Amino acid sequence: MSRTHPGPLQWIGYSFGRTLPLSMQAWVREDLIGDRAVPRHLLRSMVPFLPIFAAFLLFPGELWLRGAMILLAVLLALFYAAAYMEPNRRRRLKAHGLSPDLQNPKKVARDEAERRAYERWHPNR
């Protein structure tokens, strides 16, 4: 029986950019375009930085200073993870054999309703 979701080691590899087996394609699709895709992306993107964050604890100085270094690094990593979320999502979808244009169906419906409402209020634009 093939697994339909990754184990812990597979998930860590996936966090570093590895491609999961074809049997997990549905899980990958849900992970990348599901309802909780943004928080999952932000969490997943922090995994490769954990060794760097841990290394900051080895620096000399007060604990609060090392904690501030880690906090600054986490905030910077989160900023870039959020900034490059869409290209990263598209690349991962393509690497797993899915269309890079896939979007969350709820988001697509919400955008379409907003577009129709705009056209109703502004018919000549």
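**Close-up views of a predicted model**

Figure 1. Phe79 is found in helix α5, which covers residues 63-83. The coordinates shown here and in the views below belong to a predicted model. Phe79 counts as exposed because its relative accessibility is 52%, and the cut-off for that class is over 50%. Together with Leu76, Tyr80 and Tyr84, Phe79 makes a nonpolar surface patch of about 470 Å².

**Figure 2. The largest pocket and its lining.** The volume of the largest pocket is about 300 Å³. Helices α2 (25-33), α3 (37-46), α6 (85-95) and α7 (105-121) are the elements that each give two or more residues to its lining. The greatest contribution is that of α3, with 5 residues. In total, 19 residues line the pocket. Those that lie nearest the centre of the pocket are Leu32, Ala37, Val38, Arg89 and Lys107. By residue class, the lining divides into 8 charged, 7 nonpolar and 4 polar residues.

**Figure 3. Asp31 and its two arginine partners.** Side chains of opposite charge can pair when their charged atoms come close. Asp31 takes part in a salt bridge with Arg40 and in another with Arg44. Between the side chains of Arg40 and Asp31, the distance from N to O is 3.0 Å. For Arg44 and Asp31, the closest N and O atoms are 2.6 Å apart. Arg44 belongs to helix α3 and Asp31 to helix α2, so this pair ties together parts that are 13 residues apart in sequence. Asp31 counts as buried because its relative accessibility is 4%. Arg44 is likewise classed as buried, at 3% relative accessibility. Arg40, by contrast, is partly exposed, with a relative accessible area of 25%. The count for the model comes to 9 salt bridges.

Figure 4. Glu112, Arg115, Arg116 and Glu119 are linked in a network of salt bridges. Within this group, Arg115 forms a salt bridge with Glu112, and the closest N and O atoms of the pair are 2.2 Å apart. Both Arg115 and Glu112 lie in helix α7, where 3 residues, or about one turn of the helix, separate them. Arg115 is partly exposed, with a relative accessible area of 37%. Glu112 is also partly exposed, its relative accessible area being 29%.

**Figure 5. Arg36 in the loop between α2 and α3.** The loop between α2 and α3 contains Arg36. A relative accessible area of 55% places Arg36 among the exposed residues, for which the cut-off is over 50%. In sequence, Arg36 and Asn104 are 68 residues apart. In space, the C-alpha atoms of Arg36 and Asn104 are 9.9 Å apart.

**Figure 6. Glu30 in helix α2 and its separation from Glu62.** Glu30 is found in helix α2. Glu30 is partly exposed, with a relative accessible area of 46%. Glu30 and Glu62 are 32 residues apart in sequence. From C-alpha to C-alpha, the distance between Glu30 and Glu62 in space is 43 Å.

Definitions and conventions
Residues numbered from 1 in each chain as written. Predicted model: local features only at pLDDT ≥ 70, side-chain atom pairs only at ≥ 80, totals over all residues. Heavy atoms only, no water. Patch = residues over 30% accessible without salt bridge, like charges linked within 9 Å, V, L, I, M, F, W, Y side chains within 5 Å. Areas by Shrake-Rupley, 256 points an atom, 1.4 Å probe, with all protein chains shown as cover. Salt bridge = Lys/Arg side-chain N within 4 Å of Asp/Glu carboxyl O. Helix = DSSP H or I, 4+ residues; strand = E, 2+ residues; numbered from the N terminus. Buried < 20%, exposed > 50% of the residue type's maximum accessible area, 1.4 Å probe, protein only. 1 Å grid on protein atoms, 1.4 Å probe; cavity = no way out; pocket = protein on both sides within 12 Å on 5 of 7 lines; lining within 4 Å. Points joined across faces, edges and corners; volume = space filled by probe spheres on them. Nonpolar A, V, L, I, M, F, W, Y, C, P; charged D, E, K, R; others polar.
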